[in-house]
Amino acid sequence: MNVLLLWLCFLIDTQALFTPDSACGKTKGCYSDCGDDGTTFLISWTSDSTAINFTIQVELASNADQYGAVGLSTSPQSMGDTSVTSCLMTNSNAAFTVQNSYNTGRTNTPIAPNPTDGLSGTTGSYIGNLFTCSFARTIANSNSQVFNLNNDYYILYARGTVSGGNTIQQHTPSGRSFSSVKVDLQSLTNVCAGVDMRVKAHGCIAIIAWMILANLGYFIARYYKPLWSSKKVFGSDIWFLIHRVLMVSAAVLTIISFGVIIQGKFTVGSNNFERSHPYIGIIVFCFVIINPIIGLLRPDKQSKYRPVFYWVHYCIGAGVLILGLINIFIGIRLEEADTSNQAYYVFLGYESFQIAMIVVLEVLKYIEGKKAKDVESDREMKAVHSDGVADKEETKKDKEDIPYAWTAKLILLCVHVIVTVILPLAVVGIVATSTSSTD
């Protein structure tokens, strides 16, 4: 089921690509995300004695009121203190207008009194989902917030929606990027988008939390806890302590990853694929806090509410684990992650392995409890005291009756831990060091 859901996430990615311009770096300067298979945006320019001639091209899913913008900044990875020129597509692509504005922190303000001063030659089109807008901007301008184009700047790109016919809204989460170096707009250089390291850090922390820690915590509690039932630390089974340490660590890392990426305003993308990532992230974050609290409220073994507690705690844990893994896959697919396709394939290999482990372990679980009227998971939970101590005699008898199942579980545990650590660390390495242009 997980694999099918992940492939569904892959298929509903509506972010399209268009062919890079072969003239980039030869007869025009260019800035894009530099994908070998295509690009999602392209800002190109040529210069003459008095102006820079810009062209903005962006793949957009519809002809609703939207904009594409080029920004110039003296600081890397910053949208603040930026001179912006935006091309607005309104009236179902019937009108294209260009305006200058200035970013102060997170606020964008049109240049007063005349936001079109120094702009001319505006043309635009929307054909086959490709937004194209061309205009000329004078090199020099009397307004200090319209930067002099003789200087070098970091180039920023943004896209988003337009309201009221002339007001640009904040860019979409994946609808922004910045150049990795300062650019001379008088040159014909071909520049690639830089990477926001906060996005990389957020993804890497989440991968460790959910692909390693939460995954092993879940599997140990559901399938491997009888292996340590006769060994205790501080009066509790070792499996219980390991499960608790792993899940608390996963929760702490999830909170850290959330803090790394949050920017004070909750925004979503322009299509269903992008839009799902922050929503799922918020759900996971909430239940990561709720489920440990439920665990602390665990009723005593003899309580009539113990089965209710078990199923609530189990269902929330399993459900959040699935959501967390799906959200990691979605995150890898986002434009801002700027990650090689190798990460997708390693992730799918990892998830396929986990599905195979579930099938094998469920078969072993059935063999171990084939003479019982209830499934083993229910029986084992009822045999656990409030301090996490299992019924020693019952689990010892199970081990003596079916020794091959226990030996198989020991071998599977070793293989499971090795694969569940190595593959996610490989994904972390790919996410941290690769870009979409390395495919």
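Guide: Before we look at any residue, one word has to be settled: a residue is called buried when its relative accessible area is under 20%, exposed when that value is over 50%, and partly exposed in between. Please keep in mind as well that this is a predicted model. By that rule Cys24 is buried, and Cys30 is buried too. These two cysteines are joined in a disulfide, with 2.0 Å between their sulfur atoms. In general terms, a disulfide is a covalent bond that connects the sulfur atoms of two cysteines. The torsion about the S-S bond of Cys24 and Cys30 is about -80°, and therefore this disulfide is left-handed.

Searching the whole structure gives two disulfides, and we can now turn to the one made by Cys87 and Cys133, whose sulfur atoms are 2.0 Å apart. Here the link is right-handed, with 85° about the S-S bond. The pair ties together distant parts of the chain, since Cys87 lies in strand β5 (residues 82–90) while Cys133 lies in strand β9 (residues 130–138), 46 residues apart. Cys87 has a relative accessible area of 0%, so it counts as buried, and Cys133, also with a relative accessible area of 0%, is buried as well.

Cys204 has a relative accessible area of 11%, which is under 20%, so Cys204 is buried. Cys286 has a relative accessible area of 38%, which falls between 20% and 50%, and therefore Cys286 is partly exposed.

Key
Residues numbered from 1 in each chain as written. Predicted model: local features only at pLDDT ≥ 70, side-chain atom pairs only at ≥ 80, totals over all residues. Heavy atoms only, no water. Disulfide = S-S within 2.5 Å. Buried < 20%, exposed > 50% of the residue type's maximum accessible area, 1.4 Å probe, protein only. Helix = DSSP H or I, 4+ residues; strand = E, 2+ residues; numbered from the N terminus.
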